[in-house]
Amino acid sequence: MKLYAFQGYRYNSAVVDAAAQAAPPFDQIDETLRDRLHAQSPHQFARVTKPAGDEGKTPHERSAALHREWLERGVVTRDETPSVYPYAITQPDGSSRLGLCALVGVEPGREADLWPHEQTVAKSIAERLDLLRLTRIDIEPVFYLAEDDGTLERLLTEDCGGGAGEALVSHTDPWTGDVHALYRLTDTERIAAYAGALAGARAAIADGHHRTQVAQTYAAEEGAAGGTAAACKMVVLTSLASANLRIDPVHRGVRVPVDREAMSTLPLVREPLEAIEGQEIAARVAAAPQPALAVWFQGDEAPELWTLDPDAAPADTPGRKANLPAVLLHHHLLKTTGVPIESATDGSIAYEADPDEIVALLKNSEITAGVFLPPMTPKQFALATEDGDLLPPKSTRFLPKLVSGLVWCGHDAMIVAGDPQQT
């Protein structure tokens, strides 16, 4: 992939408390949380990423005007020198997931550098594309996993351990307790070391499929030249070799009828579960021999634990090397019981990260069955995606989530290729 250092926009710590302005990613903010965040500060970053219209302006017009105002008043400043930004997220247990915030080229011709790993739930990219056209600012990073040899993790360990000096900003997530620390590197040799580690490597789009598509669409429609910020996407790159890569499940609620009689023909082992609380059910699934999942049908008193037979799945099942329960669910179990593959993206399936929400949907008779899935290991992820297969939607949930408002990039920023010899 093509890696670039960039002049980052950041909050001016001499004017505002930069750490207090950070916000969750825009797609994690509903209207209630938006209003709560906006009320915290006139400079809260959610005012740009999740704006509300006022003063006769649309929300996106307000976002663009507000950012210009912050620049004029010195609330936001821009780094003078193109930089890359090591980014550490330290969880309450002391483990840290390390990443590098930089720009990656996404202009036409760079498609082979990135690979999506799952189908996307149908939705329009028009809203984010409209915001990008108005602001010409890449306001939030997306999360990519670099298919490198582990050098990226080594370099980040050195730099986040003091090699990059003190953190520019350290934000503690009030909901999770995770500490998000951003550093800055301007040394050209060190930046070149990162670029060299990633030269020729691909990256999996871990979190940010739609925002990547927005950047690619914008670069194409603008005819943005390679080597400009408009032809790039701001990303946080973590190595697939990271020791602290966490991939949590997204559970399913089936809204359409399921042929339970057909299930009697499926080759699987059923075991009753006494657990009826969502969190407990998910924990039992995670601890079971894999591949396994739990199913709770509407009207039943309790769920069942199902141990699956991956050899019984169709030969064209994607990611067969990993035997992922989410894949076996959509491409074998549901398909056998009259729920087609298309159900994954047509609204027939409810997706919930919180297993207790699936239980609530069952109790309210909003779904015919709840399916509880186990987490995924990095090794399983690599096996499932190495041949370019697309997994069902919401097969992965990478945690912890990035926060927005630590650093961002204007399309007029000066950017520099990490290695001038790299093509």
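**Pockets, cavities and salt bridges in a predicted model**

The residues lining the second largest pocket comprise eight nonpolar, four polar and six charged. The model is predicted.

Q: Which elements give two or more residues to the lining of the second largest pocket?
A: This pocket holds about 440 Å³ of space. Its lining has 18 residues, and those closest to the centre are Asp 173, Thr 176, Arg 397, Leu 399 and Lys 401. The elements that give two or more residues are β13 (246–248) and β20 (397–399).

Q: How many salt bridges does the structure hold?
A: Side chains of opposite charge can pair when their charged atoms come close. The cut-off here is a side-chain nitrogen of Lys or Arg within 4 Å of a carboxyl oxygen of Asp or Glu. By that rule, the structure holds 24.

Q: How many residues apart in sequence are the parts that Arg 78 and Asp 412 tie together?
A: Arg 78 forms a salt bridge with Asp 412, and the closest N and O atoms are 2.6 Å apart. Arg 78 lies in strand β3 (residues 76–78), while Asp 412 lies in the loop between β21 (409–410) and β22 (415–417), so the pair ties together parts of the chain whose separation in sequence is 334 residues.

Q: Is Asp 412 buried or exposed?
A: Exposed means over 50% relative accessible area, and partly exposed lies between that and 20%. Asp 412 has a relative accessible area of 60%, so Asp 412 is exposed.

Q: Are Arg 110 and Asp 113 buried or exposed?
A: Arg 110 forms a salt bridge with Asp 113, with the closest N and O atoms 3.2 Å apart. Buried means under 20% relative accessible area. Both Arg 110 and Asp 113 are buried.

Q: Which residues are linked with Arg 211 in a network of salt bridges?
A: Arg 211 forms a salt bridge with Glu 140, the closest N and O atoms being 3.9 Å apart. This pair links distant parts of the chain, 71 residues apart: helix α8 (residues 209–222) holds Arg 211, and the loop between β7 (137–138) and β8 (142–146) holds Glu 140. Both Arg 211 and Glu 140 are buried. The residues linked with Arg 211 in the network are Glu 140, Asp 207 and Lys 401.

Q: What is the volume of the largest cavity?
A: The count comes to seven cavities of 30 Å³ or more. The volume of the largest cavity is about 200 Å³.

Q: Which elements give two or more residues to the lining of the largest cavity?
A: The lining has 14 residues, and the closest to the centre are Leu 132, Asp 138, Ile 139, Val 214 and Lys 233. By class, the lining has eight nonpolar, one polar and five charged residues. The elements asked for are α5 (126–135), β7, α8 and β12 (232–239).

Q: How many charged residues are in the lining of the second largest cavity?
A: This cavity holds about 120 Å³ of space. Its lining has 16 residues, and the closest to the centre are Pro 25, Pro 141, Asp 207, Arg 211 and Leu 402. Eight lining residues are nonpolar and two are polar, while the charged residues number six.

Q: Is Glu 166 buried or exposed?
A: Glu 166 sits in the loop between α6 (151–163) and β9 (169–172). The cut-off for exposed is over 50%. Glu 166 has 73% relative accessibility, so Glu 166 counts as exposed.

Terms used. Residues are numbered from 1 along each chain as its sequence is written. This is a predicted model: local features need pLDDT of at least 70, side-chain atom pairs count only at pLDDT 80 or more; totals for chains, interfaces and linings use all residues. Side-chain values use heavy atoms; hydrogens and water are left out. Helices (H or I, at least four residues) and strands (E, at least two) are DSSP runs, numbered from the N terminus. Buried means under 20% relative accessible area, exposed over 50%, partly exposed in between (1.4 Å probe, protein chains only). On a 1 Å grid over the protein atoms alone, a cavity is a set of points where a 1.4 Å probe fits but cannot get out, and a pocket is an open set with protein on both sides within 12 Å along at least five of seven lines; lining residues have an atom within 4 Å of a point. Grid points are joined across faces, edges and corners, and a volume is the space filled by probe spheres set on the points. Ala, Val, Leu, Ile, Met, Phe, Trp, Tyr, Cys and Pro count as nonpolar, Asp, Glu, Lys and Arg as charged, and the others, Gly among them, as polar.
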